[in-house]
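Dear colleague,

Please find the structure below, handed over for your own work.

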Amino acid sequence: MMPGPVERVVERLAADQDGYPFAASYVAKLAGVGVDAAYTELEQLATRKDLERHFELISPNTGRALVEYRLGDKIPVGEQYDHPDDQEEPFVIGKEDISVSFSPTAKLRNRVQQKKKRTTLSALLLSALLSSGVRRIRSQRRHTSSTTMGL
Amino acid sequence: MLPSTVDAAITTYACVTHPQDPRPALPPVRMSRRFPMLARIHADYELTRTIQATGIGYSRAMLLSKAPVQLLNLSVGQLSRIASQQGLSPDGAATKIDLTRLLVEGLEPAALRAAADDYLYAGKTSVTWVRFDEGAPVALSALKSALTTMCGADPFASEMRPELDGTPRLLHALSWHNGKVVLTFAVRGQVRLVFQGYELREVSEDFSFQVIVRLADGVLEIRSGHLYAQRLQAFMAELGAALGRTPTRLPIEQAQFDALHAALNASLRDYTGLDGSPSPYQTRSVSKKQTCPDLAVEPAFQQDYGSLEPVSGDLIFAGPEGEEMAILVAIRTSSVYFRSAASEATIDLVYSALKEVWP
């Protein structure tokens, strides 16, 4: 089955990026789909273990990432967040303060690398075939032209 | 329970603490003699320490008569301007407390209220809006009845002194002008350790703030930071139930931001957005050059920052009296912070612009 636009963008990011997570909104923009649709598909890719989910607490006041939660961690929604060094204004954590982002897993990276190698190999083979074909046609033309001139 | 090192320090300095009242005794008697207003504050403070010790409860922010406290909300420039307009001669080097003292001692309470009225509940403040249902008007009598039921006493008639904790408590209600009702709340803030006079003491930062009810629009305007706006949710729900209405927090999203920018003829000065791309940056912030009139209309800004998820933007605009005003529009908290000490008219101006585009 051909990958959809979101999966194609994810594969491109897995091939190019340095491993930093990306947001569903970013993928949605690149894929030309809505954020909800992109998020649903990213979740499916995460379930397939192609992507890793990252849960972060984002300060509603400054946008800074304050805490990263791992899968299975309790996210303290409804509790007050107090920065240990008072660098952030305290706030009550809401669901909207939790950001979910995704990064490609090693599994996806390997697959993308393999695919890239295969694609490169196919391209090289195609190119070799094409150039040998061109050579053959040229030599045939040369032969035809010299025969004509000999007449 | 105090950490052991702090506990040891307290033992070393042989500090006598007051278990019922964590606030320290005030030492500056000499200063109080020099400044009569501070002497009054001192006396009030000590009086309520005694009240607290008897378990009646107190609200430190309400110890002073309301005017001086609210005057401290104004900038030095505005206090100085009010003093000059009232024929008082402020010293060029006067501090905020000097100017407050000058106004309180130089003017009758009624004259002071009239002079500073437009700033008393405004100033440098964060504002968040909550609307009941679709904004149908709330009758003053209905509000009074709902609040009386909730508080067990008429907050318009008396100042209440509920025991303070982390949830804002209503202290007083005032029917103001232009169809506005002022609700004054107090909340117990963080308990901090202070080192004063060779003693470590625990001091709670109690805090008082206002909620303005715009009766005609069924809107409550919370003039406080994000945390206390969040902590008022239970009160809003209870008030809504008492009025038979549903409170909804009004959003400030890109549409409201754009409308505010256009309606105020404002200039975008600073911008912060979340970077969702696979980059090492969580947020990216940018500020404009002095020669750039408005970031928002710059193609380069749109190209470089247009894809970010907005966190906040600083808008500069001319206030009702032509003065330059700066507001921080915080999109993730749906609030507006007035960086310049705003007058009531300025807050009205911003509210009117937002009202046009709220769903």
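Between chain A and chain B there are six residue pairs in polar contact, both residues being at pLDDT 80 or more. A polar contact here is a pair of N or O atoms within 3.5 Å; within protein, one must be able to donate a hydrogen and the other to accept it, and residues adjacent in sequence count only if both atoms are side-chain atoms. On the side of chain A that touches chain B, β1 (22-23), α2 (24-31), β2 (51-58) and β5 (91-92) each supply at least two residues, and α2(A) gives the largest share, three residues. Helices (H or I, at least four residues) and strands (E, at least two) are DSSP runs, numbered from the N terminus. That side of chain A divides into twelve nonpolar, seven polar and seven charged residues, where Ala, Val, Leu, Ile, Met, Phe, Trp, Tyr, Cys and Pro count as nonpolar, Asp, Glu, Lys and Arg as charged, and the others, Gly among them, as polar.

As to conventions, this is a predicted model, in which local features need pLDDT of at least 70 and side-chain atom pairs count only at pLDDT 80 or more, while totals for chains, interfaces and linings use all residues. Residues are numbered from 1 along each chain as its sequence is written, chains are lettered from A and ligands numbered from 1 in the order in which they are written, and side-chain values use heavy atoms, with hydrogens and water left out.

The area buried between the two chains is about 1,700 Å², with 52% given by carbon and sulfur atoms; buried area is the accessible area (1.4 Å probe) that two parts lose on being put together, summed over both. In chain A, Y20(A), P60(A) and V92(A) lose the most area to chain B, together 25% of what that side buries.

Chain A has four helices and six strands, in the order α-β-α-α-β-β-β-β-β-α from the N terminus. Its C-alpha trace spans about 95 × 30 × 25 Å along the principal axes.

In chain B, D206(B) lies in the loop between β5 (199-204) and β6 (207-214). D206(B) is buried, at a relative accessible area of 12% (buried means under 20%, exposed over 50%, partly exposed in between; 1.4 Å probe, protein chains only). The side chain of D206(B) makes polar contacts with the side chains of S204(B) (2.9 Å) and R188(B) (3.4 Å).
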